Every structure is written in structure tokens, then in C-alpha cells.
Amino acid sequence: MYAVILAGGVGTRLWPRSRKHAPKQFTDITGCGQTMIQSTVARLEGLVATGDTYVITGSRYAGLCTDQLDGLPPENILVEPDGRNTAPAIALACAHLQLRDPDEVVAVLPADHLIQDAVGFQNALRQAELCARRGYLSVLGIEPTKAHTGYGYIQREGRPLPVAGDLPAFPVKRFLEKPDEATAEQFLADGAYYWNGGIFVSRVKRLLAEYERQMPALFAAIDRIASALASNEHDSVLAEVWPTMPDISIDYGLMEGAQEVAVVPMQVGWNDMGSWDALETVIPRDEDGNIPVEGEILQLNSRGNIIAAHKQLVALIDVDDLIVIDSGDALLIAKKDSIQQVKQVVAKLQAAKRSELL
């Protein structure tokens, strides 16, 4: 099985640790000693060989991939001329993989997710691989732990599919966009809905066939790029064709209209780390209910805070439910229920042309 790791995003909601020069996937967000992309690759150990692991990213981050992923062949770092969302990125990876073995299975994984149960994750990925070898386009569905309105959902239907393996897999009825609170509550109570974490498993040729059926213009463009891969015209063809690609996700472009889709449910402590408050589900609280991410922290009568120090002591006195993130050159202090406004901070810095802080 191949693995393709998507590592092109910027992650502004995790400012000030996530920056343009080092986005969240290349940063140790949780203080575990590994960057997020390093953890993603380590999670595949024993399941996917290093030589069968690919990363697709922007030219700005190719060097970070080389530095952080020891042993990854240089030719396995696939560079997009510019970010065009996940549908073109995955198609570009498939163009490379079909030259090796179009019948082989590929797992497509975001680089910036946290998964606490690596064994359970591998078991789910193996089950999705079995489904893919039976011809299904497989997706991992995260069993919801609450009525979340920030994720898309996958609805299963009927009984489990007749596929060998240790875990059940179900036919997918439909993909759904982010729901309102009442609808999310209904999904949670129903039990047949899963969060869509954007992890897909399929034969390479099956994915390409879906592109050809549903997105023929994109497929034709990728076919041109694929035809030039083994020639000295590859760079010029890629530069010419890539700007014509649509800016569209694989969910919108492919998955919602795909045929014979299977979902493998999993409960593995998954989190997409979309904002700093997500650390509440990842890092254990101390005796006062605070979440110490890293660094030297001193608190007096303070509870429910998320704190990440850098090279200096962070002291808290009589404050509750704050998020305090120090990056050395910038300090973020926010109420938990206001943390989504960090995007407005980034926008103001952009407007002020404070590029050194972005």
C-alpha cells in the first residue's frame, strides 16, 4: 500500500505557533517532541514502507519535508506549483503512482491530524485497504463523541459489507456538509453518522477512473502531466497546466458523487487540531484542570487554562479558561470561547503588512 500525505496548508487558526514559514504540520503543536507530519509518518510504521510514502506540498515547504522526514526518498516529495485544494493535489499524486503500479492501493492522509490510538488507526486502515482491494472507494469515518457542527458527516446505510477482516465496513449512503446544532444532535442520536476526517483509501486506478467520470477536465489536465513525467518537459508542462486546475476539495469534486463507497468506522482519539481549544481532548489536565502543553508554567488559583510557554516562564494568577500561547516573538492570550477570532488577528497583521509575524 502507498501513502500520500497532504501537507500544503497554512493553519492560521493555530497562530502564533503556525506560521507561513512553518505551518502547523511542520510544528510540534502538542509538545510531544514530534512535529505533526513526523507523527503522521510514524503512525504508518509497519504498515507502509518509507519508500512507498509520498508527501505533496508547496515548493516553500519541500525543504521542511526533507529536514523532518529522515529517510524519505527526495523523489517522493511531490511539489505543487501553488495550492489548488485537495482534488488536484491527490490527482497529481495518482499521476505519479500510476507509473509504479496503478493496481496498488493508496491511502490519502492529512498531515495535521492527531490520533491517540495508533494501533486502532492501523487496524481501521487495514480494513479500508481490504475494501479497496475489493473495488470500493473507502473512507475512514470517525465515530462522533459529541454533536459537532464544524465537521462534515458520512451517513452509512444497511448492514455491514461482506468483506473479510476484523472490523465492519458499511456502504455509504451520502456525504453531508457541516450541520447546524439541531441536525448534529440528530446525527449523534441516530448512530449511523460519522465525522468525515478526509482519510481515503482506494486503488490508484479506481481513483483516477472517478476523476475521469466526474471531473473530465481535471483528469485531462492530469493526463497531460502524467504523460510528461518521464521526460525533460515535466516541469514546463506542470507549470503550464497547473494554473488551469480548479480550486476544489476532493469531497466536493469526487466523494459526494462517487459510486461504491465504503466507510470503516473508527474511534481512535482523532482530532483535526483546527484550533487551540482542541488540545483539551489531547493533553491530560493537571490537578487544577489546566492543560500544560509545554514549557515552564506557574499558576496560582487558576483553572481550566491551556498554556504553552516558550523560552520564558508563564505565570497565571486568578484567571480561568484562558488560552495562552507563547512563540517567542508573539504572545496570544484569549478566552476559550473567543479563540476562533485568532483568524481576525492574522487578518489585521496581514493588513498591517507585519510579514515577520505571519
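Tyrosine 2 and tyrosine 54 are both buried. This is a predicted model. Across the whole structure, a search finds 7 aromatic pairs. The rings of tyrosine 2 and tyrosine 54 make an edge-to-face pair, because their planes stand at 85 degrees and the cut-off for that class is over 60. Lysine 24 is also covered below: this residue is buried.

**The tyrosine pair**
- The ring centres of tyrosine 2 and tyrosine 54 are 6.4 Å apart.
- Tyrosine 2 belongs to strand 1, and tyrosine 54 to strand 2 (residues 53-58).
- The pair therefore ties together parts that are 52 residues apart in sequence.

**Other aromatic features**
- One aromatic cluster is formed by Tyr151, Trp195 and Trp270.
- Phenylalanine 170 has arginine 156 lying over its face.
- The distance from arginine 156 to that ring centre is 4.2 Å.

**Lysine 24**
- Lysine 24 sits in a loop, between strand 1 (2-6) and helix 1 (36-42).
- Its relative accessible area is 9%, so lysine 24 counts as buried, the limit being under 20%.
- The side chain of lysine 24 makes a polar contact of 3.2 Å with the side chain of aspartate 112.
- Leaving aside residues up to four places away in sequence, lysine 24 touches Val10, Gly11, Leu14, Ser18, Ile29, Met36, Asp112, Asp272, Met273 and Gly274.

Conventions: Residues numbered from 1 in each chain as written. Predicted model: local features only at pLDDT ≥ 70, side-chain atom pairs only at ≥ 80, totals over all residues. Heavy atoms only, no water. Helix = DSSP H or I, 4+ residues; strand = E, 2+ residues; numbered from the N terminus. Buried < 20%, exposed > 50% of the residue type's maximum accessible area, 1.4 Å probe, protein only. Polar contact = N/O pair within 3.5 Å; in protein donor to acceptor, adjacent residues only side chain to side chain. Contact = heavy atoms within 4.5 Å. Phe/Tyr/Trp six-rings, centres within 6.5 Å; stacked < 30°, edge-to-face > 60°. Lys NZ or Arg CZ within 6 Å of the ring centre and 35° of its normal.
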